[in-house]
Amino acid sequence: MRFWFFLRLLGIVPALGAAAGMAALEPPPIAAPPSMFAAHRERLLAKMPPGSVAVFKSAPVADLPGNVDFEYRQNSDFWWVTGFGDPEAAAVLRKTETGATFTLFVRRKDARREAYDGFRPTPAEAAAAAGAQEAYLIDEVWTRLSSKDAQTGAWSGLLAGATSVFLSDGGDKEFGAKLKAAVAELATAERPAAPVTEAREIVHELRLVKDDEELKLLRRASEISGRAHVRAMREAAPGKWEFEIQAALDGYCQSQGARRMAYPSIVGSGPNALTLHYDKSARQARAGELVLNDSACEYQYYASDITRTYPVSGKFSPEQRAVYEVVLAAQKTAIAAVKPGVPRSDVENAALRAQVEGLLRLGLMTGTLDELIRNQAHRRLTLHGVSHWVGLDVHDPGRLANSDGKPRPLEPGMVFTIEPGIYLPMAGDIPEKYQGIGVRVEDVVLVTKDGVDCLTCFVPKELADVEGAVAAGAGPAASSN
């Protein structure tokens, strides 16, 4: 019971009562262990010089219009370091010549607010759950960071004697400005103020290569999202509203313990498939059209990202099939190129060349392959890049080049999408039979020591498999699946 209590404090699992009411999980839920966050702190401390201090602030509570509070989402860097999901919190890592300390600051307990918003741990409970050596109330953060003895004028506190300070303000600009002022105040004639630099420069680099525990959570997010896509395919049919298809997917994700979608679901039928970030889900799908569904959940803060395109009526038209085959072939080419030591840009270029070759073959572009790519003429029909990092954020941070400006090679543990797409506008230079077709196929891949592991490729994407998945939802016999 105590194990579940600690996980509840960290925001890792819902209250036991809520969990009991969920649909059975397939497989059972997994949680991020406190040891994962302890390992993250060790990795960060290893990058910090002795005498340095890192200060992290939680994300501010969003001030949204209306009188309803929406679910709070912790800043990803703060979560990576602490595993603590409550707002109004701060964390301080201090590295000395002989060791390191982790200090946590949390909200004051408030019986009235807890009646509305839920349990708040005491500093002692928070410290035990998060693995901090010390914890205090957030009200004390500034006196604990630095305070001056009235008689001697000597400074003390967590910032005292710091040779450098790494700051992650979590989006709380007021906190960040106040911290910089506090560091500047510590300066003396003999000891200049410690430089304050962005902690994200180190943290984002560390976040780029996922550890085994993070990969478990990313796999779980991908498993749930992938199964949800199959349910959405079965929901597609002429006359169905986009929001009905979306509900099948989003609802399954929640039934499997995913508290949030990784981003607003994009379910675009017909011409809406040409809008990359269409999120209204407000149109009825019609016979003969395609549905482009770009949706995925976040599990224990870790995101997936999947796109599938499928025919509303269960069968691709010849033109839809032709465009789909180009996109799918481009994706397969790119996935095959993934391995350690290869720059991500090479993977993207492999997909791009395959797409442009296909567009030339279908007569949708004219010119030479290299010229079209060099002039980026393809952008009118391909619109976007082919990949992005995935992790705690669906567009996870991470540099694409080394410090020397050269493309950085892929390493085992890196996770990213491969998502070629072709979008054919209602324009006079596009043959009428192709106008309005939008196709994207997106999967999440993991770089392994031997090559690549596609985390989401189990979701149907071969033409026959896609048609079969849509057809499986047609008729009363499939309604109970």
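## Terms and model

Helices (DSSP runs of H or I with at least four residues) and strands (DSSP runs of E with at least two) are numbered from the N terminus. Leu64, for instance, is found in the loop between strand S1 (52-57) and helix H4 (76-82).

This is a predicted model, in which local features need pLDDT of at least 70 and side-chain atom pairs count only at pLDDT 80 or more, while totals for chains, interfaces and linings use all residues. Residues are numbered from 1 along each chain as its sequence is written, and side-chain values use heavy atoms, with hydrogens and water left out.

Strand S1 is mostly covered, since six of its six residues are buried, where buried means under 20% relative accessible area, exposed means over 50%, and partly exposed lies in between (1.4 Å probe, protein chains only). In a regular strand the side chains alternate between the two faces of the sheet. Both faces of S1 are covered, with Ser52, Ala54 and Phe56 buried on one side and Val53, Val55 and Lys57 buried on the other.

Two strands pair if DSSP finds at least two bridges between them. Five bridges join S1 to strand S7 (residues 164-168), and these two strands run parallel; five bridges also join S1 to strand S2 (residues 90-95), and here the strands run antiparallel.

Leu64, Val68 and Phe70 make a nonpolar surface patch of about 310 Å². Such patches are made of residues with over 30% relative accessible area and no salt bridge, with like charges joined within 9 Å and nonpolar side chains (Val, Leu, Ile, Met, Phe, Trp, Tyr) joined within 5 Å. The accessible areas come from the Shrake-Rupley method with a 1.4 Å probe, and for residues only the protein chains shown count as cover. Leu64 has a relative accessible area of 41%, so it is partly exposed.

## Salt bridges

The structure holds 33 salt bridges, each being a side-chain nitrogen of Lys or Arg within 4 Å of a carboxyl oxygen of Asp or Glu. One of them joins Arg144 to Glu140, with the closest N and O atoms 3.2 Å apart; Arg144 counts as partly exposed at 34% relative accessibility, and Glu140 counts as partly exposed at 25%.

Another salt bridge joins Lys315 and Glu467, whose closest N and O atoms are 3.5 Å apart. Lys315 lies in the loop between strand S14 (306-311) and helix H12 (318-336), and Glu467 lies in helix H16 (residues 463-471), so the pair ties together parts that are 152 residues apart in sequence. Lys315 counts as exposed at 59% relative accessibility, whereas Glu467 counts as buried at 8%.

The side chains of Arg207 and Asp393 meet in a salt bridge of 2.9 Å, N to O. Arg207 lies in helix H9 (residues 200-208) and Asp393 in the loop between helix H15 (379-382) and strand S15 (415-418), so this pair ties together parts that are 186 residues apart in sequence. Arg207 is buried at 2% relative accessibility, while Asp393 is partly exposed, with a relative accessible area of 24%.

Asp396 is also found in the loop between H15 and S15, and it is buried, with a relative accessible area of 7%. A polar contact of 2.7 Å joins the side chains of Asp396 and Arg207; a polar contact is a pair of N or O atoms within 3.5 Å, where within protein one must be able to donate a hydrogen and the other to accept it, and residues adjacent in sequence count only if both atoms are side-chain atoms. The side chain of Asp396 also reaches the backbone nitrogen of Asp393 at 2.9 Å.

## Arg260 and its contacts

Arg260 lies in strand S9 (residues 260-261) and is buried, with a relative accessible area of 17%. Its side chain is joined to that of Glu71 by a polar contact of 3.3 Å. Not counting residues up to four places away in sequence, Arg260 touches Glu71, Tyr72, Arg73, Cys297, Glu298 and Tyr301, where contact means heavy atoms within 4.5 Å.
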